[in-house]
Amino acid sequence: MPWSQPATVLRLILLLMSSEFVRTGLLVSYLPLVAPELQLTPAAVGLIFGLHYLADALAKGPVGVLTERYGLGRVLLLGALLGLATLLLLHQSPGAGVLVAVSAVWGLCYAALWPGVMAAAQHYSRPGMTTRALAVASVSVAPAIVLGLLGVGQLMQRQPALAFPVLLGAQLLALLLALSLVRLRLPQTQGTQAQTLQTNSPAPSGPGPRQSFRERWGRVGVLLPAALAQTTAPGLLATVFYPLLTRLGLHLSQLVVPVLLGVVVGLVALWAFGRLADRRHPRAALTPGLLLLALGFFVAGLPGLQDRLLLVTSLIGVAYGAFIAGWNGLVGHTLPAEYRAAAWGTVMAVESLGYAIGPVLGGVMWAAYGQMGVFWCGAALLLLVEGYYLWPGRVVMRRAQVQK
């Protein structure tokens, strides 16, 4: 285990997995199908979905500050309670307005979950294993999201009466996990304690403390342009995935073997590049990851993609394994330890914005240039990100490493 307190981190990861399973299953697979019997219009369903995710995205930074002040465990418990309230209210016909409001407030509290898990994974990581600790935490939730999307969807088609009890059971599990973590508060770092001692001592003349604060948050700011661009690239495919399959003459079942191969290769690459990043520097994994991703997108944009699926998925699997290890390691090395949860939340909020921009840009490129336009636009974005990391972002990141 890459953590010094695996019981705490594993409970947080299980809480994240059960919560993401419920959220994805409820808002994406369950609610749209039961909306007619609940007398909810498609517009109301879209509002419930959209405001929840918008609140989650925008609140990640501010809620991170609250978790540092009042304790991570308390905010996570409030989020689990609101998720349970949303489920229980659903079949009480409270009206669209109440469901929209409760879902939005749920999103506000849910915003603490992802940054909190990542901050805890970093805080409790063993010496020399920070990158791997962060990478494992970030990818572990993917099966739960897929299960919420596809598993609940299959239940709604075959055994619809089972879908709601399954979601309710998973949310009760999340509530129990949150209760077990209610006293969790990430301890102050040495940097925070030192800052506190300086604050309580007679202050020197000049804007020293304020400048120190700006410098620390400047290290967060230097990550934001790249965070936006690198999530926009995969987001390009969100709205064109099924039209692309149709144009290539492929059925979804034909992707099972290539995708499984990519996942296996990606997991192996994740651990190998994570170890490399821990021993050397996160850029040792990030640079090949970005370059291989750009190459994968370029090859996918060439004609005849259906004949190169195994090659493309393997290439992108290796690339994403290296990229995830390098990106999480870079963020962990760069963010100020004093404001870790809030800083993780800020970076993740900008990443969410990239996922929102990507589908729009992908639709435009698909309409104008087809398959080639979508994938080559993604390749160009990834190359721009790599150029940004070379300069000017590299200067600030080196300064951050020296200050730590």
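The largest nonpolar core holds 109 residues, and those with the most contacts inside it are Tyr30, Leu31, Leu40, Trp327 and Tyr389. A nonpolar core here is a set of buried Ala, Val, Leu, Ile, Met, Phe, Trp, Tyr and Cys residues joined through side-chain atoms within 4.5 Å. Helix α16 gives this core its largest share, 17 residues. Another core, of 8 residues, lies apart from it and includes Ala135, Ala269, Ala277 and Ala285.

The model is predicted: local features need pLDDT of at least 70, side-chain atom pairs count only at pLDDT 80 or more, and totals for chains, interfaces and linings use all residues. Residues are numbered from 1 along each chain as its sequence is written, and side-chain values use heavy atoms, with hydrogens and water left out.

**Overall makeup**

- The protein has 17 helices and 0 strands; helices (H or I, at least four residues) and strands (E, at least two) are DSSP runs, numbered from the N terminus.
- Of its 404 residues, 50% count as buried, where buried means under 20% relative accessible area, exposed over 50% and partly exposed in between (1.4 Å probe, protein chains only).
- Among contacts with a separation of 6 or more, 85% join residues 24 or more positions apart; contact means heavy atoms within 4.5 Å.

**Helix α12**

- In α12 (residues 241–248), the buried residues are Leu244, Leu245 and Leu248.
- Seen down the axis of α12, these buried residues fall within an arc of 100°, so they line one face of the helix; the arc is that of the directions from the helix axis to the C-beta atoms.
- The face turned away from the buried side of α12 carries the exposed residues Tyr242, Thr246 and Arg247.
- Helix α16 (340–390) is included in what covers the buried residues of α12.

**Glutamate 351**

- Glutamate 351 is located in helix α16.
- Glutamate 351 is buried yet has no salt bridge, a salt bridge being a side-chain nitrogen of Lys or Arg within 4 Å of a carboxyl oxygen of Asp or Glu.
- For glutamate 351, the nearest side chain of opposite charge is lysine 60, 8.0 Å away; Lys and Arg count as positive and Asp and Glu as negative, while His and the chain ends are not counted.
- Neighbours within four places in sequence aside, glutamate 351 is in contact with Ala227, Thr231 and Trp327.
- Trp327 is also listed among the residues with the most contacts inside the largest nonpolar core.

**Loop residues**

- Glutamine 39 lies in the loop between α1 (6–34) and α2 (42–70), and is exposed, with a relative accessible area of 75%.
- The phi of glutamine 39 is near 60°, a positive value in a residue other than glycine. Most residues other than glycine have a negative phi.
- Valine 182 sits in the loop between α8 (160–180) and α9 (190–200) and is partly exposed, with a relative accessible area of 29%.
- Valine 182 and glycine 73 are 109 residues apart in sequence and 4.0 Å apart in space, C-alpha to C-alpha.
- Not counting residues up to four places away in sequence, valine 182 touches Gly73, Arg74 and Leu77.

**Cysteines**

- Across the whole structure, a search finds 0 disulfides, a disulfide being a pair of cysteine sulfur atoms within 2.5 Å.
- Cysteine 109 is buried, at a relative accessible area of 12%.
- Cysteine 377 also counts as buried, at 17% relative accessibility.
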